[in-house]
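Please read the points beside the sequence and the coordinates.

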Amino acid sequence: MNRRMVLNTVGHILLAEAALLILPAIVSVIYLEKCLWAFLITIGIALVSGLVLKFASNPGNKVIYAKEGFVIVTYAWLLMSAIGALPFFLSGEIPNYIDAFFETVSGFTTTGASILTDIEAMSRGLLFWRSFTHWIGGMGVIVFVMAIIPNIADRSMNIMKAEVPGPTVGKLVPKARDTAKILYLIYIAMTIIMIAMLFIGGMPLFDSIVHTFGAAGTGGFGIKSTSIGGYNSYCQWVITVFMLLFSLNFNLYYLLLLRKFKSILKSTELWFFLGLVLVSIAIITYDIYPMYANFGETIRTSSFQVATIISTTGYATANFNTWPSLSKAILLMLMMIGGCAGSTAGGLKNARVVMLIKTVHRELKRLLHPRSVRAVSMEDKRVDEQTLSGVTSYFAIYIMCTLGVFVLLSIEPFGIETNLSATIACFNNVGPGFGAVGPIGSYADYSGFSKILLSLAMLLGRLEIFPLVLGLNPLVWKRR
Amino acid sequence: MNIIVVGCGKIGQSIIASLLSEGHNVIAIDKDAEVLSEVTNIYDVISVCGIGTDCEILTEAGANKADIFIAVTGSDELNMLSCYLAKTLGAENTVARIRNREYNEKSLGFLQHELGLSMSINPEFFAAHDVYNVLKLPSAAHIETFSTRNFEIIELVLRQDSPLSGMKIMDLRRQHKAKFLICAVCREGKVYIPDGNFELQSGDKIALTAAPSEIIKLLKSLKITQRSAKKIMILGASRTGYYLARMLLLSGCSVVIIDKDPQKCQEICEALPNATVILGDGAQQELLKEEGINDVDAFISLTGMDEQNILISYYAQSQNVPKVITKVNRSEFIPLATGLGLDTIVSPRRTITDVILRYVRALKNSVGSNVEKLYKIMDGNAEALKFNVKEDFKYINTPLKDINFKSNILIAGILRNRKAMVPTGDTVILPGDKVIVISAEHRLYDLADIIK
């Protein structure tokens, strides 16, 4: 294995993190807060360790194979979270390092699960950093590094494949680096539009920026104890729409820019996703109608909650813990399905669900006509068998990991509802679950062991299991 | 530039690899999804699965915006048709691989004109040409002639007993009167641009530039001349074998062609009545001896199997055949072959990627840079480029010793008024000159790139 190249790339990523940490440092300068020192120390640490890794490794051979891709992604994300947790810890606002690590992993993986009980007491710089990690983690920090540094590696597609979610990674243009650039430009443009729209709607600038970061990365860290509940209905609608937009495949926006409307309409995943959203909103609206004053408020509340859960963001405008169990069951299902492939959302991904349904359908047909030959197709194109078997084995390992984490978490004295929903909410990068970890609760009561377990679950979910499992397996990086 | 490559076979993949290393955007088209997934795994390209003659596929690949469209599938007709379609859709330049003998000999000009082809490539013909060049001067491992035919780069391998080994380059120049320049040395796979203190060793491969007459003078004084080969044995009646035999016969050589396929023997026998065609297995040493491998001037192994070529060439070398040339297609075998002491290797794949690169750089030329010719030397580890000097070059009339060149760059020759000069420290560059630059690590697009 090309260890030097792994170390070198991880070094580049830490340098990028040091650069990104400058933004929250500037925020804390603007608000004249003490946490500036914590940021400066962290930037120093990231800078030094990044430079050491970069220059000590000095790889002669820049080729990266699939194996190196997995290892790079694993260690980059672990180290990034470990360093990203330092500002919380050093400033003393989250005195326990495990708590700070949990919070940062939750940020980078765009989960939005928090251990904070009194958010409004935090300093602005730290709140900004907390939400900014969502924005970085949403599109992927490695994709970011690829976009800004030329020729970081030969065959860099192998890292991109390990980081970008979805069953297959489609390139927009021939070069992986140009693809990364286009994705980030679309991402930045949408972020700016959303900030502007919230600001126009009367939300203070700091709040609009922070909430946009949370929605863009589909993370969901709020800065108020009532999450989005305290803002006016215009802002709630804007956030609803943008959460859904950010959980669509970004390739669609590129097609939109190229004016290839026909190809967009052909997207099976898009139609499945939209159908799922509309049906869920309709059922939940009917189910919770008696609890709210008028139809407008009901549909706003149900749309917001459906959008926040299916996009795996995790904002809230209502305490859905108190909703009837049909609505809660639908939300739980949406948590597991998540957004579309190639978006910033988590979960199983709609593309996979569609393929699973089609594969099952094909198996049923095969039982009736054992000699029939059938192909599964998406977007009028045949899906090759390798992708299909990849999807089914992903589904299997997804269920196994979920159950494993759930059983381990059940050591905690909370009920099955809390533990199961906490597992699913973390694994699918949603954030809030039901019971004690509901939209007004927090993960603060879990023990240190469970917090580390859930942090791992969040990383497994964000990186889609395989990279982390392979990267942490000593057999992969051991020198024979 | 946006470049579309149709057909991702052996040739297609090596073209893709070299285009990517030049920084172009490449779109690959192939009808085999498995081959494509392998290509996208290895190379940073986007791929479209389908047949290159399907307009929809071509549109999806963006043929209308392509600067160059290269068709290298196995079928000549498919290549021609897809190039024609791409041209109609709006591709700037089209390149088709056409290797059928009949097309190449009779109607190539007509086809190119009617189809609007910018270039047609025939790997086997190019490879045969390479071999032919070497056979004219068998002491060299490789020869490149710059277009005007009065300046050549030859590559020599220093044998164990070579008088050059252990000699410093400045002593060498003092001893021999010929005007030449050692412009690159390849030792253990690394290329050096030597200075006067560089000491040559046996086993080195050196590249020399000089005028052809000077080269013969030098080789004579080094006592390593061989007369040009007259009796030649070719193993394999492949396309390359055919082209080579035809050229050799035209220049009056006697040629023996061995192949084990009766039909191929029949065909080549009809096409080249003056050649001796032997039906038999070239791997049988008895057969080779019977046909006189011991008294041929050159043995050329051109079968379709690299392994067989290498092994039989090794045998020929052990039989003291003065010049042995081996066709090796897979680039990973080339170091193995040179390790066995086979110094002259031809590879249609490499030849064709060189031709394509030369063409692509020349196209870029019209966009801004002024590379006129490009040759890969030293197994592709270094480049020799020919530049036109324009009025605006900064160091006009400055002696070369006063110019601060980048490292691993050398001015190997200057062509002025169709006469070649081997430069010394006092030589100056004038507008209108053509300058030949050797570069071991930099990619050069403009003459100004050679200066720090």
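This is a predicted model: local features need pLDDT of at least 70, side-chain atom pairs count only at pLDDT 80 or more; totals for chains, interfaces and linings use all residues.

1. The division of chain B deserves mention next. Four domains are assigned: domain 1 covers 2-121, domain 2 covers 141-221, domain 3 covers 231-350 and domain 4 covers 353-450. Between the C-alpha centres of domain 1 and domain 2 of chain B there is a separation of 39 Å.

2. Chain B contains an open sheet of six strands, in the order E3-E2-E1-E4-E5-E6, and the pairing is parallel. Its edges are formed by strand E3 (46-49) and strand E6 (119-121) of chain B, each of which pairs on one side only. On average, neighbouring strands of this sheet are turned by 20° against each other, direction ignored.

3. One pairing within chain B may be examined in detail. Strand E4 (residues 68-71) and strand E5 (residues 93-97) of chain B are joined in the parallel sense over four bridges. Phe69(B) has Thr94(B) as its bridge partner in E5(B).

4. The contact between the chains draws eight residues from chain A and eight residues from chain B. On the side of chain B that touches chain A, the elements giving two or more residues are strand E2 (25-30) and helix H2 (33-42) of chain B. Of the elements on this side, E2(B) gives the most, with three residues.

5. In chain A, attention is drawn to Gly92(A), which is located in the loop between helix H4 (86-90) and helix H5 (97-108) of chain A. Is Gly92(A) buried or exposed? Gly92(A) is exposed, because 10 other C-beta atoms lie within 10 Å, and a residue counts as exposed if there are 12 or fewer. The C-alpha atoms of Gly92(A) and Ala38(A) are separated by 9.0 Å, although the two residues are 54 residues apart along the chain.

Terms used. Residues are numbered from 1 along each chain as its sequence is written. Chains are lettered from A and ligands numbered from 1 in the order in which they are written. Two residues are in contact if their C-beta atoms, placed from the backbone, lie within 7 Å. Domain bounds come from an automatic or database domain assignment. Two strands pair if DSSP finds at least two bridges between them. Axes are lines fitted to C-alpha atoms, for helices over the stretch in contact, and angles run from 0 to 180 degrees between N-to-C directions. A residue is buried if 20 or more other C-beta atoms lie within 10 Å of its own, exposed if 12 or fewer, and partly exposed in between; C-beta atoms are placed from the backbone.
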